[in-house]
Amino acid sequence: DEAIRLNPKRVCCFFNKWQALVELGRHDEAIACYDEAIRLNPKVDVVFNHKGSSLDKLGRYEEAIACYDEAIRLNPKELFYKNCREAALSQQTKAKAFIDSIDFETPKIHLVNEEIGDEEAKWLSEALKSANLPALQRITLHKNKIGDSGASALAAVFKEGNLPALK
């Protein structure tokens with residue numbers, strides 16, 4: 001923050017801050033930092049790539065792909081950006097297939113022994129947030145591989161009160 005305060009117009013001063021935020025898993029804050037760097041200089045390809053990576057980690061694939069597209073437009077020779085874009089497209093496809101496989105119309109969602117991990121739990125939490133599910137009474141998720149970050153994402157949805165009938 002001090003480097004940015006002293007040099008608020010230098011994009012490179014934001015680098016250490018966004019790296020620290022990413023290491024701490026604070027991707028939303030890192031994205032705000034990338035946005036400020038982009039506002040200062042919208043021609044720095046690596047900033048778009050890093051922003052895409054944070055968006056990717058949050059499961060915001062369409063936005064991530066748009067950032068990767070901009071990084072590629074700015075530096076079409078950088079193969080890494082193209083690989084990141086392809087990985088985001090693949091994750092987006094997997095997320096959509098996983099969410100599409102769930103019947104949200106039933107009052108009970110039963111996902112046992114499904115090999116669900118943190119990524120799938122995050123996708124599920126996003127789907128639960130955006131869906132109108134007033135009749136959903138139970139979600140069963142035992143015998144999966146959901147870790148702390150996936151559990152936190154799901155807990156946030158339940159805490160927000162988006163699922164009024166859930167026990």
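Predicted model: local features only at pLDDT ≥ 70, side-chain atom pairs only at ≥ 80, totals over all residues.
**Stop 1: an aromatic pair.** Select Phe98 and Trp123 and display their side chains. A pair of aromatic rings is described by the distance of the centres and the angle of the planes. How far apart are the ring centres of Phe98 and Trp123, and at what angle do their planes stand? The centres are 6.3 Å apart and the planes are at 55°, so this pair is tilted. Now colour helix H6 and helix H7 (residues 118-130). Phe98 belongs to H6 and Trp123 to H7, so the pair ties together parts that are 25 residues apart in sequence. Phe98 and Trp123 are both buried.

**Stop 2: the whole chain.** The chain has 167 residues, of which 37% count as buried. Among contacts between residues at least 6 apart in sequence, 62% join residues at least 24 apart. With the surface displayed, the accessible area of the chain is about 10,000 Å², and carbon and sulfur atoms account for 51% of that surface.

**Stop 3: the nonpolar cores.** Select Trp18, Tyr34 and Val47. Within the largest nonpolar core, which has 21 residues, these three have the most contacts. Which helices each supply at least two residues of this core? They are helix H2 (12-23), helix H3 (27-40), H4, helix H5 (61-74) and helix H6 (79-100). Next, select Tyr61, Ile116, Leu128 and Leu141. These residues are among the 20 of another core, which lies apart from the largest one.

**Stop 4: a serine in helix H4.** Select Ser54, which lies in helix H4 (residues 45-57). Is Ser54 buried or exposed? Its relative accessible area is 1%; because the cut-off for a buried residue is under 20%, Ser54 counts as buried.

**Stop 5: the largest pocket.** Rolling a probe the size of a water molecule over the atoms shows where empty space is left. The largest pocket has a volume of about 330 Å³. Select Leu58, Lys122, Ser125, Glu126 and Ala153: of the 14 lining residues, these are the closest to the centre of the pocket. Finally, colour H3, H7 and helix H8 (148-159), each of which supplies at least two residues of the lining.

Methods: Residues numbered from 1 in each chain as written. Heavy atoms only, no water. Helix = DSSP H or I, 4+ residues; strand = E, 2+ residues; numbered from the N terminus. Buried < 20%, exposed > 50% of the residue type's maximum accessible area, 1.4 Å probe, protein only. Core = buried A, V, L, I, M, F, W, Y, C linked by side-chain atoms within 4.5 Å. Phe/Tyr/Trp six-rings, centres within 6.5 Å; stacked < 30°, edge-to-face > 60°. Contact = heavy atoms within 4.5 Å. Areas by Shrake-Rupley, 256 points an atom, 1.4 Å probe, with all protein chains shown as cover. 1 Å grid on protein atoms, 1.4 Å probe; cavity = no way out; pocket = protein on both sides within 12 Å on 5 of 7 lines; lining within 4 Å. Points joined across faces, edges and corners; volume = space filled by probe spheres on them.
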